[in-house]
Amino acid sequence: MKNAKITRRSFLLGLAACSAAGVLTACKGSDAPASSASAAPEAPASSVNEVPPVSLFAVEDFPKLDGSTACIPLMAQMMADTTGIDLEAAQSAISVSTTAYAWESFGLYPDEDYTARMLVVYEAPDYVKDELKEADAQLEQKPIGRDALVFIVNEENPVKSLTRQQLKDIYAGKITNWKEVGGDDLDIVAFQRSEDSGSQTLFKKLLIQGGELMDPPTELAPTAMGELVDSLAAYNNSANAIGFSVYYYIDQMYSQPGLRLLAVDGVEPSNDTIASEKYPLCNEFYAVLHADAAADSPERQLYDWLDTDAGQNCIQKSGYVAVGPQTTESTAN
């Protein structure tokens with residue numbers, strides 16, 4: 001199954017009109033992009049050493065951000081740390097248009113209808129990369145954190161770990177019953193995400209790698225990450241479903257009772273195994289600017305701040321794995 005590509009300016013105009021009425025609305029107006037998240041999740045507690053925040057901006061000067069749903073807590077913490085605003089207020093001020101929309105909008109439509117000045121975002125789908133390359137979009141990006149593709153099953157499923165090859169064979173339709181991988185005699189119901197989702201992009205990049213992939217029926221390819229989690233928890237109230245997400249989202253932002261994460265190649269996903277890359281399906285996420293962003297612009301200052309001790313602390317205390325100060329890359333994606 002191939003979903004339709006992202007709509008263009010008509011979608012963006014709709015976002016601008018709807019964002020003021022969304023659950024996640026900007027505290028200073030209605031020009032932030034809309035979000036598919038139902039609520040701004042609270043940042044998790046962290047044991048990292050505190051670095052005193054330095055107020056870089058007045059609240060009204062904080063650059064508009066867009067990006068991936070799983071990055072909302074980090075964006076809120078960035079706003080709180082650099083403006084002095086209360087974290088709860090910062091959470092209510094952040095909204096996103098999700099991974100593919102954010103990349104496409106930022107690279108192709110940087111005008112008065114789309115006011116984001118920086119992305120905090122997971123990797124773009126290949127078709128969006130192609131669009132950005134064709135448009136010669138001049139973007140500068142750097143990895144700022146690391147997450148992982150994780151697989152979710154019902155807690156009643158006796159299977160605790162699968163190899164990458166077993167997962168590939170499940171999603172290619174070659175392994176169709178849990179008994180083939182040490183489980184019960186139940187048909188495997190394998191959920192995917194829509195083509196324009198960040199987790200589907202990582203799934204295809206990190207696991208499928210150009211190999212065979214069966215087309216799921218519509219009901220097994222929910223649009224939103226939360227819908228996938230809900231569907232897994234509810235599916236026939238049984239232990240035969242499997243799906244995937246990114247670790248931070250499922251571990252910290254949105255889960256359901258009765259689900260657990262699988263180990264892959266015998267390694268369980270955790271902040272430690274992701275930081276060390278012992279867990280085999282890790283990938284970085286990014287901060288992205290327009291390459292011509294001025295040195296004294298708020299977005300450039302925020303982008304550079306992420307490489308300071310305070311910026312690294314911000315990433316870690318939000319619960320993410322920081323990857324350390326990075327050399328930026330100017331790319332025509």
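This is a predicted model: local features need pLDDT of at least 70, side-chain atom pairs count only at pLDDT 80 or more; totals for chains, interfaces and linings use all residues.
**Figure 1. The whole chain and its surface.** The chain has 333 residues, of which 55% count as buried. It's built with 12 helices and 11 strands. Take the contacts between residues at least 6 apart in sequence: 76% of them join residues at least 24 apart.

**Figure 2. Tyr171 and the nonpolar cores.** The largest nonpolar core has 78 residues, and Tyr171 is among those with the most contacts inside it, along with Leu74, Met78, Met118, Phe151, Leu162 and Ile242. Apart from this core lies another one, of 16 residues, including Trp103, Ala124, Val128 and Tyr286. Back at Tyr171, leaving out residues up to four places away in sequence, its partners include Phe151, Phe191, Phe203, Ile208, Met214, Ile242 and Phe244. Gln192 and Glu212 are also among the residues that Tyr171 touches.

**Figure 3. Two tyrosine rings, stacked.** A pair of aromatic rings is described by the distance of the centres and the angle of the planes. The chain has 10 aromatic pairs. In this view, the rings of Tyr248 and Tyr320 have centres 3.8 Å apart and planes at 10°, so the pair is stacked. Tyr248 belongs to helix α9 (residues 247-253), while Tyr320 sits in the loop between α12 and β10, so to speak a link between distant parts of the chain, 72 residues apart. Tyr248 counts as buried at 3% relative accessibility, and Tyr320 counts as buried at 4%. Look around and you'll find a cluster: ring pairs link Tyr122, Tyr248, Phe285 and Tyr320.

**Figure 4. Helix α8 and its buried face.** In helix α8 (residues 225-234), the buried residues are Met225, Gly226, Leu228, Val229 and Leu232. Seen down the axis of α8, they fall within an arc of 160°, so they line one face of the helix. Here's the background: an α-helix has 3.6 residues a turn, so residues three or four places apart point the same way. The cover over the buried residues of α8 includes β3, α7 (198-208), β6 (241-246), α9 and β7 (259-261).

**Figure 5. Helix α11, with a lysine over one of its rings.** Helix α11 spans residues 298-305, and its buried residues are Glu299, Arg300, Leu302, Tyr303 and Trp305. Among the elements that cover them are β1 (65-67), α2 (72-83), β3 (138-154) and α12 (309-317). Lys142 lies over the face of Tyr303, at 4.1 Å from the ring centre.

**Figure 6. Gly67 in strand β1.** Gly67 is found in strand β1 and, at 0% relative accessibility, counts as buried. The C-alpha atoms of Gly67 and Val96 are separated by 5.5 Å, though these residues are 29 apart along the chain. Beyond residues up to four places away in sequence, Gly67 touches Val96 and others, among them Met75, Ser97, Ala102, Leu119 and Val121.

**Figure 7. Two loop residues with a positive phi.** Asp265 has a positive phi of about 55° although it isn't a glycine. Its place is in the loop between β8 (263-264) and α10 (271-275). Glu277 isn't a glycine either, and has a positive phi of about 60°; its loop runs between α10 and β9. Asp265 counts as partly exposed at 33% relative accessibility, and Glu277 counts as partly exposed at 48%.

Methods: Residues are numbered from 1 along each chain as its sequence is written. Side-chain values use heavy atoms; hydrogens and water are left out. A nonpolar core is a set of buried Ala, Val, Leu, Ile, Met, Phe, Trp, Tyr and Cys residues joined through side-chain atoms within 4.5 Å. Buried means under 20% relative accessible area, exposed over 50%, partly exposed in between (1.4 Å probe, protein chains only). Contact means heavy atoms within 4.5 Å. Helices (H or I, at least four residues) and strands (E, at least two) are DSSP runs, numbered from the N terminus. Rings of Phe, Tyr and Trp (its six-membered ring) pair if their centres lie within 6.5 Å; planes under 30 degrees apart count as stacked, over 60 as edge-to-face and the rest as tilted. A charge sits over a ring if NZ of Lys or CZ of Arg is within 6 Å of the ring centre and within 35 degrees of the ring normal. The arc is that of the directions from the helix axis to the C-beta atoms.
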